[in-house]
Amino acid sequence: LMAKINLLPWRAERRARRQREFYSMLGLAAAAGLVLSFLIWFYYSQQISGQNTRNQFLQGEITKVEAKIKEIEVLDKQKDRLLARKKVIEELQANRSQMVHLFDSLVRTIPDGVALAGIKQEGDILTLEGRSQSNARVSTYMRNLESSGWMTNPDLSIIEAKAEEKGPAALSSESRSLPYVFTLKVKLANPNETDQKNGGAGTAI
């Protein structure tokens, strides 16, 4: 006769052992997941912290650069003002030298029989008013002005013979010897600048 063996307790025990093993593995997996999550969080937290530190450093450097740019802008403005002041001084010096040469040229170019009565300057245009013995004297004066180098394009706008006046003015020897009144305009020029331009052009060629 075969002996009857009850296998139910053994099977129940094996099932319980497997359940314990499963729950243990599940717990280990959960713990490993938590550890891995913490490690990932810590890694990215460190990355973010490092990036924030770099951002703060860069922002500080940008602030320094912006401050230097403002200083450079201030220095550029001061430089522009100094250059403008220097230019004005140079122009004043050049104009002073030009006026000396201009008046010297006016004296040297006046021929006999011509006398200046007034000079007026507007920009680079000089208006000369005077008296002359004749039209020929005025023509000679215009040629002299053209060849002076300091005045160009003489333009005679008015020339007329004044009628002999009565009274004390008629006794003026100048009115009798210089009966023609004229007004002419010339354009001021600087022969030094012309020579420099010509010299520069020659060098370029």
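Q: How many helices and strands are there in the protein?

A: Helices are DSSP runs of H or I with at least four residues, strands are runs of E with at least two, and both are numbered from the N terminus. The protein has four helices and four strands, and along the sequence they follow the pattern α-β-β-α-β-α-β-α. This is a predicted model, in which local features need pLDDT of at least 70 and side-chain atom pairs count only at pLDDT 80 or more, while totals for chains, interfaces and linings use all residues. Residues are numbered from 1 along each chain as its sequence is written, and side-chain values use heavy atoms, with hydrogens and water left out.

Q: What span does helix α2 reach from its first C-alpha to its last?

A: The expected span of a helix is 1.5 Å times one less than its number of residues. Helix α2 (residues 135–147) has 13 residues and reaches 19 Å, close to the 18 Å expected. After α2 comes Gly-149, whose phi is positive, near 90°.

Q: Which residues of α2 are buried, and why do they line one face of the helix?

A: An α-helix has 3.6 residues a turn, so residues three or four places apart point the same way. A residue is buried under 20% relative accessible area, exposed over 50%, and partly exposed in between (1.4 Å probe, protein chains only). In α2 the buried residues are Val-138, Tyr-141, Met-142 and Leu-145. Seen down the axis of α2, they fall within an arc of 100°, taken from the directions from the axis to the C-beta atoms, so they line one face. Arg-143 and Ser-147, on the other side of α2, are exposed.

Q: Which residues touch the most other members of the largest nonpolar core?

A: In soluble globular proteins, nonpolar side chains tend to be buried together. A nonpolar core is a set of buried Ala, Val, Leu, Ile, Met, Phe, Trp, Tyr and Cys residues joined through side-chain atoms within 4.5 Å. The largest one here has 14 residues, of which Leu-106, Leu-126, Leu-128, Tyr-141, Leu-145, Met-151 and Leu-184 touch the most other members. The elements giving two or more residues to this core are α1 (8–109), β2 (125–132), α2 and β4 (180–188). Not counting residues up to four places away in sequence, Leu-145 touches Leu-106, Thr-109, Leu-128, Met-151, Leu-184 and Val-186.

Q: Is Thr-127 buried or exposed?

A: Thr-127 is found in strand β2 and counts as buried, at 10% relative accessibility. Leaving aside neighbours within four places in sequence, Thr-127 is in contact with Gly-118, Ile-119, Lys-120, Thr-183, Leu-184 and Lys-185.

Q: What is the phi of Asn-153?

A: Asn-153 has a positive phi of about 50°, although it is not a glycine. Asn-153 lies in strand β3 (residues 151–161) and counts as exposed, at 52% relative accessibility.

Technical notes: Contact means heavy atoms within 4.5 Å.
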